[in-house]
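Here is a short briefing for a first look. Please keep the sequence and the structure in view as you read.

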Amino acid sequence: MTDTAALFDDAQRNQIDSSLDETLFVEAGAGSGKTHSLVKRIISLVSSPSNIPLRNIAAITFTEKAATELKHRIRIQLEELRSNANDESFDCFENALNDLDGAAISTVHGFARRILAEFPVEANLPPRFETVDEINSQVAFQYRMEGLLDDLFADEDWAETLLFADAIEFKPIQHLTDIAMALNSNWDRLTPFPCPNLPTDDFSELIIRGHAIINQINDCFGDTAKDSMVKLLTKVSQLVHSLENAFDVTSSLEILHKAVTGSSPLTQKVDRVGSQANWHNIHAVRTEYSEFRILLQQQHQQFVDAILNRFLSYLTDFTLRSAIDRRVNGCLEFHDLLVLARNTLRDPLHGANVRSVLHSKYQRLLLDEFQDTDPIQIELAVLIASSPTSDSSRSWQSLSVEPGRLFFVGDPKQSIYRFRRADISLFLEARNKFTTEATELSTNFRSVTPIIEWVNSVFNNLIQYEAGSQPEYKGLVPFRDPAPSGPGVGLIGQSAHHKKEKIDTIRAAEATDISATILAAKQEGWSVQRDNEWAPAKFNDMAVLVPSKSSVPSLEKAFTKYGIPYQLESASFIWRSREIRNLIMCLRAINDPTDSLATISALRSPIYGCGDDDLYQYRVNGHGSWNFAELPENPTDDAADIALKGLKHLASLYSLRTLLSPSELIEKLISDRQLYEQAVISHRPRDSLRRLRYVVDQARAWSDATGGTLHRFLRWASSQADKNSRAVESVLPESDNDSVRIMTIHAAKGLEFPITIVAGLAGASNRSRGLQVGFNPEASSPLIRCKAGVESSGFSDWLKNKSSLEQAERIRLLYVACTRASDHLIISVHRRDRSNTKILRGEMNAAELICDGCLGPTDTTFTVPPLPSQPVIKQREKIQTHRPGHKDWEARRTIALSLPNHLRSISPTGITRLARKHPTTQNEEGLNKHSQDLSEIPWRKGRYGSALGRAVHGVLQTINLSTGTNIAALSASQAGAESISHQSQLVQAFVTSALETEIIKSAARKRHWRELYVAAPVNGLVLEGYIDLMYQEDDANDLILIDYKTDQITDLTAEDKVSQYRLQGAAYAFAVEATTGQQVKEMKFVFLSSDGEPARVERVNDLHLAIADVELLTKRVEGQ
């Protein structure tokens, strides 16, 4: 099973490496080595007979992290191939390495920005446009929205519309902001349309029909007091009477809205209303009432459509104007990059020329994670890959692409980003267009065999093909043997809870079972693979994945109770954490002293530490109001009055609110109340400190972007804490923290965990709530639903299709969660019992879906172990601290203040100066270096001495050492940069001298590094500097160091020069050996010739003795 000689999909993997002139569509299953295949494809393209340069290849990834990982792996492969290459292929890999840093390996947004930066004029952009970050985008949107609302409320033409909107419970500030935000994220889908007029209906027809049906009451000959139809018609009578006596149309609309929404009796169907025994023809009455009810709804919908479409027309124009303003001002959001790049390629005037350049430049385009990317990505790829002479106005589906130019990688079973506009139907459509049969990678290298067998059994049943919404399931092939200890797969909570059990109770029981499982895994030592060996599990080998945040509080409570260390690894949790809620509450009190609730809540928080008894005592003492802005200037200071002290501190911050930015105010609050110190002694100090630092950083970014007031910051912070908001950035895990990781399934995409626990599946299916905006290609405008009864015509049909897509994605989300496990998979299926109710799969929650899918023979027997009587983790002992006396404290303070004056770092040339009795003279340029040069501007970094020397080093840092291509141009460029253009010929002569030297020629053919920064600790110092050239011998790991010198030497002066530079070279050697663990075989100085002749090479003969001298000299510094 672990024999790599015969993989199930070897043929497909070979096809990726060899079929370089075919358009391949690779369906890479979870854990199948997708990134490895991408790297091999790129390496094959670079090294194939067609020899496509890396600069002519574009690889588009889903995240920046994936792009960085891909570049890193490519670099490792290229360096390895270069070190083993013959003379014929060496240049190929050397050139690829030189191209790598500038290669188009990035996210689709990064690739779009690259296109726009190359063609700003064609894109109608300022040449120096910028991409604003998420915080700046949010702030800019908030400012634009406030201006729009001000204009709207001041415009008399919109007064009636706003009154009508109020009548149907449309909240302009909230709803318009949410709608505008949705439109802004999809502005490329918007088309301006005329603003419709408001209805002029006076409801006369409705009143007439109402009177007609009310008269039917006279046909009831039974007991009218008990007949349900009579009661219903009485409600109609009341409605008609209210409409007749309404003050105006707005009042009538409000009456009508209440009649057709909520729990109004007039919303119910009448199939069984009324007793047939009491009526001559009850069916006729029911029919007439149903027609009245339909008319009632039509009248209401007519007003709703008109109101919503008027607002939509206004917001559409506003959104498109905003997009134009961002383009003109050169401040683009991420989505703008995609749209403008696509528009540039399709531009009727410049598009053909732009496409022609890009078509020649990017001969191969590789698209990673294709199932989860924006639909614009396929347009960009096809427009670039297709012939530049083809009609750019045609859809991508109708354009022809030369075979081999495109390469797709993805897994439709892992498509889980619909909220980012990912469309699985587009994946399926592209697959069918570009290939007759997808190349399938099915061998899973991540998970052990029991997990793969269970996943195949369950999801083969759950993932059923549906055109446009769900792919067919293709099973994974196991590669790894089972873990020696611990269950492969286990289900907990298999017995359903009572059907009336509250969801909070179910979540608490689930959290308890998960705690017991985690403790058992730790105590029993479940086997996990670590460094290719089986080892007992630790807490940081475990991760709990949840579909939403609703179950996290229960998990936190249980983990705290049973002493399980844990870490929340998503920034979206931070704004609603206890520490940050308390901090924000204090800021609310500071912002508005009249907000007594905020003030009291702030005082009761750990920040001020007041108990209810303290607050009670404050009132009893007759202090009166909680408004700290009204405190007397010199209030009676009772040392025992904690509440008064807290109010005085709030008052001091209140007086500074207009002088300090929100970030400065937060930092002062944290400093004054010692919140960092409180965090250190809290139950989970790492998380508390991390949350505080994160919010401070976010506040700084917000203040830098806006310069806004505290009030505005609190509004922004509220939006971040909103349950529907998505975090700007994720929180990086701390590898040295042995704790269980809790994260959402979306955040876990692309990761793997030895022990994976999938939880939080008991809640109802994630039905869409709140305001929704839909985009139907067949509709002239977006569709909106604000609340029940306030939605666009046709919205329900769109929602039905959306719900079907969401349910399909919900199943795929479970698949992603389960395939994160490498050694053990535990799934919680705690749920209510609904066995007596017939429910369709589309109505099942996630736990019910798992149970429904478990129809195969796989063994998932797992008994939740009992919880220990005492927590496994020992509670932290109370630390005894002793404050020093004043004299002791003064002594410590003096030492601490003196530390910044001590030398902390030293350069190799600084080592040489230590050994000399006199300072360096002007003509000793090779030693005239200073540590602060390390912070020079990028093109000068690592270059010291005279302008001539810096120019020579600059050329040798970038020129091809094997060919010397463009030597004249590079020499002139560097000489110009150093303001010595008149000496460009001399610079060229020095560089030629280096290139003609045998040792440089030898280094160029081997694995080598140029301008290599190195730093190493030595005797309390940091020894740091730049090495001009380092290369590795072919037959050993020994390293050779080279340092260029422009000193002109003779046979008589050579020995003195080497002695002068001896310790400098030894310091470089010491630092390299200390950081790499490899031996430096030789340190050589290459003295360049001004006449272009091969340089003179001198070596340090006693290198190891010189290194010892370096260590002795640094000890001398340490003792100073």
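The model is predicted. Helix 33 is mostly covered and crosses helix 34 at roughly 135°. Helix 29 and helix 30 cross at roughly 70°. Glutamate 579 is buried.

**Helix 33 on its own**

- Helix 33 runs over residues 947-958.
- Its twelve residues should span 16 Å at 1.5 Å a residue. The end C-alpha atoms of helix 33 are 17 Å apart, which agrees.
- Nine of the twelve residues in helix 33 are buried.
- The buried residues of helix 33 are Leu948, Gly949, Arg950, Ala951, Val952, His953, Gly954, Val955 and Leu956.

**Helix 33 against helix 34**

- Helix 34 holds residues 967-977, and its axis comes within 9 Å of the axis of helix 33. The two axes cross at roughly 135°.
- That angle makes helix 33 oblique to helix 34. An angle would have to be over 145 degrees to count as roughly antiparallel.
- The crossing of helix 33 past helix 34 is right-handed.
- On the helix 33 side, the contact is made by Ala951, Gly954, Val955 and Thr958. On the helix 34 side, Leu970, Ser971, Gln974 and Ala975 meet them.
- Sorted by class, this contact has four nonpolar and four polar residues, and no charged ones.

**Helix 29 against helix 30**

- Helix 29 covers residues 795-818, and helix 30 covers residues 846-853.
- Their axes come within 11 Å and cross at roughly 70°.
- Angles of 65 to 115 degrees count as roughly perpendicular. Helix 29 and helix 30 are therefore roughly perpendicular to each other.
- Gln807, Ile811 and Leu814 in helix 29 meet Ala846, Leu849 and Ile850 in helix 30.
- By class, the contact of helix 29 with helix 30 has five nonpolar residues, one polar residue and no charged residues.

**Glutamate 579**

- Glutamate 579 sits in helix 20, which spans residues 578-591.
- Is glutamate 579 buried or exposed? Its relative accessible area is 15%, so glutamate 579 is buried. The cut-off for buried is under 20%.
- Glutamate 579 is in contact with Ser688 and Arg691, leaving aside its neighbours within four places in sequence.

Methods. Residues are numbered from 1 along each chain as its sequence is written. This is a predicted model: local features need pLDDT of at least 70, side-chain atom pairs count only at pLDDT 80 or more; totals for chains, interfaces and linings use all residues. Side-chain values use heavy atoms; hydrogens and water are left out. Axes are lines fitted to C-alpha atoms, for helices over the stretch in contact, and angles run from 0 to 180 degrees between N-to-C directions. Helices (H or I, at least four residues) and strands (E, at least two) are DSSP runs, numbered from the N terminus. Angles under 35 degrees count as roughly parallel, over 145 as roughly antiparallel, 65 to 115 as roughly perpendicular and the rest as oblique. A crossing is left-handed if the near helix is turned anticlockwise from the far one by less than a right angle, and right-handed if clockwise. Contact means heavy atoms within 4.5 Å. Ala, Val, Leu, Ile, Met, Phe, Trp, Tyr, Cys and Pro count as nonpolar, Asp, Glu, Lys and Arg as charged, and the others, Gly among them, as polar. The expected span of a helix is 1.5 Å times one less than its number of residues. Buried means under 20% relative accessible area, exposed over 50%, partly exposed in between (1.4 Å probe, protein chains only).
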